[in-house]
Amino acid sequence: MEMPEGRYRQAVQLLGAAARLARRGDSALSTRQWVASVQAEAYAALGDLTACERAMDQAETVCELGGGSTNGGWLRFDGTRLSEERGARYVQLGRFDLAEETLTCALKQTELAAGHSYRRRGAVLTDLAVIGVRRGDAEQVVAYGGEAVGLARVTGSGYVVRRLGALRGELRSLGEDRRVAGLAAEIAVLGMS
């Protein structure tokens, strides 16, 4: 895929071809919806809100396939992560109003409730902390970032630690708030483990 190297325009072209191929395939499989989900990520990186939302709407049609992942094969795309993904795309796009609403709702889902998927919950919490950074809301940053740090400590999830590391890089913009500095120090310690 072209996206890890930041070649989003090339990725959009490649994903367009993949979407055309998927439309010719078995409509009972979730391949089309998965491609649309990946397209949404590329469109968000390009700053195209309209195309991103259109792709996310297409991805959400996976729920119409009769209870989620119907193929049981290599692609287990069942739509359970779509609200998290939509929220993350809104963060990429700088649409923090939409992102916060979507991510807050995602946290209430059974799959993300406390005690369930720590990795997924940690990612959503980190995205909410990023929104706080971008808004200059230290309290939001510390609340969500602190909970994500707690999850990372309990689980040792490298994914959550990496997400927190990216958050740490943004914390300088909040100045000298000692609570934020404390959070940054906690994240640094996690990164050394």
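Me: How do the residues of the lining of the second largest pocket divide into nonpolar, polar and charged?

Reply: One sorts the lining residues by class and then looks at where they come from. In this predicted model, the lining of the second largest pocket holds five nonpolar, two polar and six charged residues. The pocket has about 330 Å³ of space and is lined by 13 residues. Arg89, Gln92, Asp127, Arg163 and Ala166 lie nearest its centre. Helix 4, helix 6 and helix 8 each give at least two residues to this lining.

Me: What is the volume of the largest pocket, and which residues are the closest to its centre?

Reply: The largest pocket has a volume of about 500 Å³. Among its 23 lining residues, Arg81, Glu84, Glu85, Arg120 and Tyr159 are the closest to the centre. By class, the lining comprises nine nonpolar, three polar and 11 charged residues. At least two lining residues come from each of helix 2 (31–45), helix 4, helix 6 and helix 8 (158–170).

Me: Why can charged side chains pair?

Reply: Side chains of opposite charge can pair when their charged atoms come close. In this model the count of salt bridges comes to 10. One of them joins arginine 95 to aspartate 97, with the closest N and O atoms 3.2 Å apart. Arginine 95 is partly exposed because its relative accessible area is 31%, and aspartate 97 is partly exposed because its relative accessibility is 43%.

Me: Which parts of the chain does the salt bridge between arginine 121 and glutamate 147 link?

Reply: Here one reads the distance first and the positions in sequence second. The side chains of arginine 121 and glutamate 147 form a salt bridge with an N to O distance of 2.9 Å. This pair links distant parts of the chain, with arginine 121 in helix 6 (residues 118–135) and glutamate 147 in helix 7 (residues 138–155), 26 residues apart. Arginine 121 counts as buried because its relative accessibility is 11%, whereas glutamate 147, at 33%, counts as partly exposed.

Me: What is the N to O distance between arginine 153 and glutamate 186?

Reply: The side chains of arginine 153 and glutamate 186 meet in a salt bridge at 2.5 Å, N to O. This pair also links distant parts of the chain: arginine 153 belongs to helix 7 and glutamate 186 to helix 9 (residues 178–192), 33 residues apart. Glutamate 186 has a relative accessibility of 32% and therefore counts as partly exposed.

Me: Is serine 83 buried or exposed?

Reply: The test is the relative accessible area, and buried means under 20%. Serine 83 has a value of 18%, so this residue is buried. Serine 83 lies in helix 4 (residues 82–93). When neighbours within four places in sequence are set aside, serine 83 is in contact with Thr102, Ala106 and Gln109.

Methods. Residues numbered from 1 in each chain as written. Predicted model: local features only at pLDDT ≥ 70, side-chain atom pairs only at ≥ 80, totals over all residues. Heavy atoms only, no water. Helix = DSSP H or I, 4+ residues; strand = E, 2+ residues; numbered from the N terminus. Buried < 20%, exposed > 50% of the residue type's maximum accessible area, 1.4 Å probe, protein only. Contact = heavy atoms within 4.5 Å. Salt bridge = Lys/Arg side-chain N within 4 Å of Asp/Glu carboxyl O. 1 Å grid on protein atoms, 1.4 Å probe; cavity = no way out; pocket = protein on both sides within 12 Å on 5 of 7 lines; lining within 4 Å. Points joined across faces, edges and corners; volume = space filled by probe spheres on them. Nonpolar A, V, L, I, M, F, W, Y, C, P; charged D, E, K, R; others polar.
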